[in-house]
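Hi everyone, thanks for coming. Let me put the model up on the screen, and then we can walk through a few residues together.

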Amino acid sequence: MEHDDVDERLAARLSELRSERGWSLGDLADRSGVSRSTLSRAERAETSPTAALLNRLCAVYGRTMSQLLSEVEAEPAQVVRAAAQRVWTDGASGFVRRSVSPPHAGLRGELVEGRLEPGADVAYDRPPVPGLEQHIWVLDGELEVTVQGEAHALDAGDCLRFRVWGATRFRCTGERAVRYALVVVAP
């Protein structure tokens, strides 16, 4: 990996962090004590930021320099081979979870394959992250998903999409296992 690639990813991440907060360059300059022109050059990768500059920005964004740099160190692998996809089984509920495209610091989404045996019922009392976006596409079988107290009966080919703010429930309602793709996007 070339140094210029890291500088460009760092610049993009700095710009994203500012945008996520809805701040202008002027707002960030006021908060960090760094001039708007220096911030602009850093966000456009026209200059490689110094450790002192990164330290100031990390303080404003509430993260360590290690955290910031880990977010841009390496691009995620473009191909995740089936053999490298982690599978977790909850024997008590009959739920099998394959992490097809696992989370990565540089990406907001992940792809999971879920499988529930007939009669399996999995309930979550709250989301791991409030406002988490989910898209559930049923590949085979029948799935009932309850979101905010409303049950949705899904058949093969159906897709349900929502943001998770409270409890959810997944039930295999058919006589054979249900298999579905779950796309999870961080807010």
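Asp158 counts as partly exposed because its relative accessibility is 30%, where partly exposed sits between buried, under 20% relative accessible area, and exposed, over 50% (1.4 Å probe, protein chains only). You'll find Asp158 in the loop between β7 (150-155) and β8 (159-164); strands here are DSSP runs of E, at least two residues, numbered from the N terminus.

A quick word on the background: this is a predicted model, with local features needing pLDDT of at least 70 and side-chain atom pairs counted only at pLDDT 80 or more, while totals for chains, interfaces and linings use all residues. Residues are numbered from 1 along each chain as its sequence is written, and side-chain values use heavy atoms, leaving out hydrogens and water.

Now, which residues does Val138 touch? Leaving aside residues up to four places away in sequence, Val138 touches Leu143, Leu154, Asp155, Ala156, Gly157, Asp158, Val178, Arg179 and Tyr180, contact meaning heavy atoms within 4.5 Å. Val138 itself lies in strand β5 (residues 132-140), and it counts as buried because its relative accessibility is 1%. From Val138 to Arg108 there are 30 residues in sequence and 22 Å in space, C-alpha to C-alpha.

Let's move over to Glu144, in strand β6 (residues 142-147). Is Glu144 buried or exposed? Glu144 has 18% relative accessibility, so it counts as buried. Its contacts, again not counting residues up to four places away in sequence, are Ala151, His152, Arg169, Phe170, Arg171 and Thr173.

That's my tour, so please jump in with questions!

Note on methods
Helices (H or I, at least four residues) and strands (E, at least two) are DSSP runs, numbered from the N terminus.
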